[in-house]
Amino acid sequence: MSTFPLFLPDTEAMEAFGGSLAACTNGGEAIYLHGDLGAGKTTLVRGFLRALGHVGAVKSPTYTLVEPYELATRRTYHFDLYRLGEPEELEYMGIRDYLDGEAVLLVEWPQRGEGVLPAADLDITIDYTESGRNLTLRSHGERGRGLVDCLEGDKSQVANLD
């Protein structure tokens, strides 16, 4: 596992980072988003989806738990597990149908699905600061390392990845 810090000064930078992350995916990645309410997880997802061509609204699927996006270049599932009572509820909603190895999984509050969700390729933790957001990227395995390497190669697009 490798850890990399990133500072994003505003909402526009968070969306741009989401777009850069989307450009680095090939399909099949599990990306877990950690952070308090309002930290910017859904903003990141919005940038991700818009970079893949989605033009509609992007809202957190807090009550539906998952929002599917069938885009021209990549199928993406946006999960928000904030209101999940037990991880086993994911089995009842048919989580296995989403785990085909081809779709990108973007999961907010992944700790609530622990034991049922697949292992993350990339964990992104978002923390507030007075001047923006500090992100910590933790890669897991070859696929996660590839995402971080790609993002490092795009430093000018994602602010100051150290």
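Residues are numbered from 1 along each chain as its sequence is written, and side-chain values use heavy atoms, with hydrogens and water left out. In this predicted model, local features need pLDDT of at least 70 and side-chain atom pairs count only at pLDDT 80 or more, whereas totals for chains, interfaces and linings use all residues.

The protein chain contains four helices and seven strands, where helices (H or I, at least four residues) and strands (E, at least two) are DSSP runs numbered from the N terminus. Along the sequence these elements follow the pattern β-α-β-α-β-β-α-β-β-β-α. The radius of gyration, taken over C-alpha atoms, is compared here with the globule rule, which is 2.2 Å times the number of residues to the power 0.38. For the protein chain the radius of gyration is 15 Å, close to the 15 Å that the rule gives for 162 residues, so the chain is as compact as a globular protein of that length. Along the principal axes, the C-alpha atoms fill a box of roughly 40 × 35 × 30 Å. Buried residues make up 51% of the 162 residues, with buried meaning under 20% relative accessible area, exposed over 50%, and partly exposed in between (1.4 Å probe, protein chains only). Among contacts (heavy atoms within 4.5 Å) with a separation of 6 or more, 67% are between residues 24 or more positions apart.

Strand S2 (residues 30–35) is mostly covered, five of its six residues being buried. Two strands are taken to pair if DSSP finds at least two bridges between them. Strand S2 runs parallel to S5, to which four bridges join it, and in this pairing Ala30 has Leu105 of S5 as its bridge partner. Strand S2 also pairs with strand S6 (residues 122–129), again in the parallel sense, over five bridges, with Gly35 standing opposite Ile126 of S6.

A nonpolar core is a set of buried Ala, Val, Leu, Ile, Met, Phe, Trp, Tyr and Cys residues joined through side-chain atoms within 4.5 Å. In soluble globular proteins, nonpolar side chains tend to be buried together. The largest nonpolar core in this model has 30 residues, of which Phe17, Leu21, Ile31, Leu44, Ile124, Leu135 and Leu137 touch the most other members. At least two residues of this core come from each of strand S1 (2–8), H1, S2, H2, S5, S6, strand S7 (132–139) and H4, and H1 gives the largest share, six residues. When neighbours within four places in sequence are left aside, the contacts of Leu135 include Phe4, Leu6, Met14, Phe17, Leu44 and Ile124. A second, separate core holds 18 residues, including Val66, Tyr77, Ile95 and Val107.

A search of the whole structure finds one disulfide, the term denoting a pair of cysteine sulfur atoms within 2.5 Å. This disulfide joins Cys24 to Cys150, with an S to S distance of 2.1 Å, and is left-handed, with -80 degrees about the S-S bond. The pair links distant parts of the chain, since Cys24 lies in helix H1 and Cys150 in helix H4, 126 residues apart. Cys24 is buried at a relative accessible area of 9%, whereas Cys150 is partly exposed at 32%.

The structure also holds six salt bridges, each defined as a side-chain nitrogen of Lys or Arg within 4 Å of a carboxyl oxygen of Asp or Glu. One of them is formed by the side chains of Glu15 and Arg50, at 3.3 Å from N to O. This pair connects distant parts of the chain, with Glu15 in helix H1 (residues 11–24) and Arg50 in helix H2 (residues 41–51), 35 residues apart. Glu15 is partly exposed at a relative accessible area of 22%, as is Arg50 at 41%. Asp100 forms a salt bridge with Arg75, the closest N and O atoms being 1.9 Å apart. Asp100 lies in the loop between helix H3 (89–92) and strand S5 (104–108) and Arg75 in strand S4 (residues 75–80), so the pair ties together parts 25 residues apart in sequence. Finally, salt bridges with shared partners join Glu15, Arg46 and Arg50 into one network.
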